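My entries follow the order in which I looked.

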Amino acid sequence: MIDMRQFFTGVSIALLFLAFLCLYRAIRGPFITNRIIGVGAIGTKTLIVLLLMGFIYDRVDMFVDISIVYALLNFIGTLAAAKYFEMKGEV
Amino acid sequence: MDTMTIGSILTAIFLLFGLLFFTGGTIGLLRLPDFFCRMHATGKSDTLAVLLCLIGLAIYNAFAGNFALPYILVSIKIIFIAIFWFLAGPTGTHAISRAAFRCGVKPWTLEHQFKEVEKE
């Protein structure tokens, strides 16, 4: 029998490591467009990490709602930034 | 081999494949030369990775609750996130890359490599 809680913890740590790698692009990446996609990539990884935290703490029914909100906010944020730069006309 | 073991193995397979695609997307985001290439790498592979991870977690949740109704409802919520992200991820990618293209970000071409132009 596999201990799934340890497996979920390992996957979470791997995802957090990848999120820190994306943080390099979010901080340094030349111009604002690269920063937006870096932040978006961190957001998608956080979506999964939140659900995995729910499984680790045995509170999936609560964490799944937080995850839904996070997905919506990430999407709206990306769209708002895209709309802003399209209307402004320059990066 | 009981049902819980089967669910755990399925979840492990889905999560590891999702992690693989996340790794590919992150390497693309860090290494590729310009904005559109990075968008190409991260936009598609992240969407597929989120889909795989969420499907795996929904399967695990359904098996963990032995298919009782409250657990099935939570699984349906997780599948709802997967469907939403399947629609929203490519939409966001398209919107941000169209905005960048209209703002005049030049796509990378092979000439950039030889002329040593400032990378965008």
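Entry one, the contact between chains. I kept in mind throughout that this is a predicted model. I looked up how many residues take part, and found 43 residues of chain A in contact with 36 residues of chain B. On the chain A side, α1 (4–28), α2 (31–56) and α3 (60–88) each supply at least two of the touching residues, and the largest share, 14 residues, belongs to α2(A).

Entry two, α1(A). This helix has 25 residues and reaches 37 Å from its first C-alpha to its last, close to the 36 Å expected at 1.5 Å a residue. I listed its buried residues as A:Phe8, A:Val11, A:Leu15, A:Leu18, A:Ala19, A:Cys22 and A:Arg25. What covers these buried residues? I found that the cover includes α2 of chain A together with α1 (3–31) of chain B.

With 29 residues, α3(A) reaches 42 Å between its first and last C-alpha, close to the 42 Å expected at 1.5 Å a residue. Its buried residues include A:Val60, A:Val64, A:Ser67, A:Asn74, A:Phe75, A:Thr78 and A:Phe85. I then checked what the buried residues of α3(A) pack against, and recorded α2 of chain A together with α2 (35–64) and α3 (69–102) of chain B. Following the chain past α3(A), I came to A:Gly89, whose phi is positive, near 90 degrees.

Methods: Residues are numbered from 1 along each chain as its sequence is written. Chains are lettered from A and ligands numbered from 1 in the order in which they are written. This is a predicted model: local features need pLDDT of at least 70, side-chain atom pairs count only at pLDDT 80 or more; totals for chains, interfaces and linings use all residues. Two residues are in contact if their C-beta atoms, placed from the backbone, lie within 7 Å. Helices (H or I, at least four residues) and strands (E, at least two) are DSSP runs, numbered from the N terminus. The expected span of a helix is 1.5 Å times one less than its number of residues. A residue is buried if 20 or more other C-beta atoms lie within 10 Å of its own, exposed if 12 or fewer, and partly exposed in between; C-beta atoms are placed from the backbone.
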